[in-house]
Amino acid sequence: MKAVHPKTYSATASEAKAGQRWYLIDAEGQVLGRVATTVARLIRGKGKPTYTPHLDGGDYVIVVNAEKIVVTGGKETQKFYYRHSQYPGGITAVAFKDMRVRHPHRILEEAVRGMLPKNALGKRLFHHLKVYAGPEHPHAAQQPVVLDLVRDGTRRGEVVGGLPAVLAAAPPAPAKERGLGRVAARPAREAAAPAPAITEEEAAPEPDEVLPAAEVTEPAAEMAAPTEQAESAEREETEPTERPETTA
């Protein structure tokens with residue numbers, strides 16, 4: 001009997017747009033890559049059962065506080081945005097820190113644009129993204145659903161020294177064990193355990209042990225001076241023996 005394989009579902013344009021929603025994301029203290037990947041997935045609609053690659057079935061996303069988004073490592077000064085005027089020598093480079101001051105909304109827009117299809121569909125999907133530098137937005141009528149970027153119970157809302165609190169307080173990675181090729185695991189409770197307190201009695205140096213005068217013995221006389229028998233034996237060994245003269 002011939003096996004019957006189920007057909008791949010392909011939604012129509014009206015079915016793909018039927019379940020479109022609006023989401024609101026606060027980017028304050030969030031890592032740029034985490035926000036960009038979440039936004040691109042929502043705009044593309046990949047989490048829906050009606051996802052169809054060639055149709056616009058994604059959701060709309062509003063991002064506020066884009067000027068307070070953070071990056072890891074040295075990207076604040078090492079990352080650049082380039083554009084070219086199509087004339088010789090017409091390249092222009094703008095540092096990340098300068099882009100944050102001039103056009104903070106473009107930081108997230110450029111990151112999401114690179115994750116969308118490079119065609120007419122990608123241009124249409126890009127209009128689903130609404131980025132604002134401050135906390136205000138004019139889309140209250142759409143009643144957006146607030147989306148908190150929380151994964152595994154770890155929040156990244158607080159900023160410490162330009163980095164999220166989780167990254168700023170993260171301990172250094174443990175060194176690899178020689179010859180094993182795996183990372184040595186160190187329990188967190190050992191690193192966090194305080195050092196044991198030292199009392200004054202333990203900190204005081206212990207005095208040297210002094211033996212009583214009665215137990216101190218002097219070396220024996222026979223060990224200090226050689227015996228007469230030993231002296232005579234030494235003389236016999238050093239002095240040559242006299243041989244009797246033979247007569248012809």
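This is a short talk on the fold of one protein chain, taken from a predicted model.

Let me start with the whole chain. It has 248 residues, and 24% of them count as buried. The secondary structure comes to 11 helices and 8 strands. The accessible surface is about 19200 Å², and carbon and sulfur atoms hold 54% of it. Now the contacts. Take those between residues at least 6 apart in sequence: 69% of them join residues at least 24 apart.

Next, the sheet. In what order do the 4 strands of the open sheet stand? The order is β5-β2-β1-β6, and the pairing is parallel. Look at the edges. β5, residues 129–131, and β6, residues 145–146, each have a single partner strand, so one side of each is left without a neighbour in the sheet.

Let me take the pairs in turn. β1 and β2 pair in the parallel sense, over 5 bridges. You can find W22 opposite Y60 of β2 there. On to the other pair. β2, residues 60–64, also pairs with β5 in the parallel sense, this time over 3 bridges. V61 is partnered by L129 of β5. I62 is partnered by K130, again in β5.

Stay with β2 for a moment. Why can we call β2 largely enclosed by the rest of the structure? Because 4 of its 5 residues are buried.

Y60 and L125 are 65 residues apart in sequence, yet their C-alpha atoms are separated by 8.9 Å.

Helix α2, residues 32–44, lies across β1 (22–26), β2 and β5. The angle between α2 and β2 is about 155 degrees. Helix α5, residues 105–113, packs on the sheet too, and touches β2 and β5. Its direction makes about 155 degrees with that of β5.

A closer look at α2. Does its length fit its residue count or depart from it? The helix has 13 residues, and at 1.5 Å a residue they should span 18 Å. The end C-alpha atoms are 18 Å apart, so the two agree. Which residues of α2 are buried? They are L32, V35, A36, V39, A40, L42, I43 and R44. What covers them? The cover includes the strands β1, β2 and β5, along with helices α4 (96–102), α5 and α6 (120–126). Just after α2 comes G45, with a positive phi of about 80 degrees.

N65 is one, with phi near 60 degrees. It sits in the loop between β2 and α3, residues 75–78. N65 has a relative accessible area of 5%, so it is buried. Q143 is another, with phi near 50 degrees. Its loop runs between β5 and β6. Q143 has 66% relative accessibility, so it counts as exposed.

Last, a hairpin. Strand β3, residues 80–84, and strand β4, residues 91–95, pair in the antiparallel sense over 5 bridges. Y82 stands opposite A93 of β4. Between the two strands there are 6 residues. Q86 lies in that turn, with a positive phi of about 70 degrees.

To recap. The open sheet runs β5-β2-β1-β6, with parallel pairing. α2 lies across β1, β2 and β5, and α5 touches β2 and β5. β3 and β4 form a hairpin. That is the tour.

Terms used
Residues are numbered from 1 along each chain as its sequence is written. This is a predicted model: local features need pLDDT of at least 70, side-chain atom pairs count only at pLDDT 80 or more; totals for chains, interfaces and linings use all residues. Side-chain values use heavy atoms; hydrogens and water are left out. Two strands pair if DSSP finds at least two bridges between them. Contact means heavy atoms within 4.5 Å. Axes are lines fitted to C-alpha atoms, for helices over the stretch in contact, and angles run from 0 to 180 degrees between N-to-C directions. Buried means under 20% relative accessible area, exposed over 50%, partly exposed in between (1.4 Å probe, protein chains only). Accessible areas come from the Shrake-Rupley method with a 1.4 Å probe; for residues, only the protein chains shown count as cover. The expected span of a helix is 1.5 Å times one less than its number of residues.
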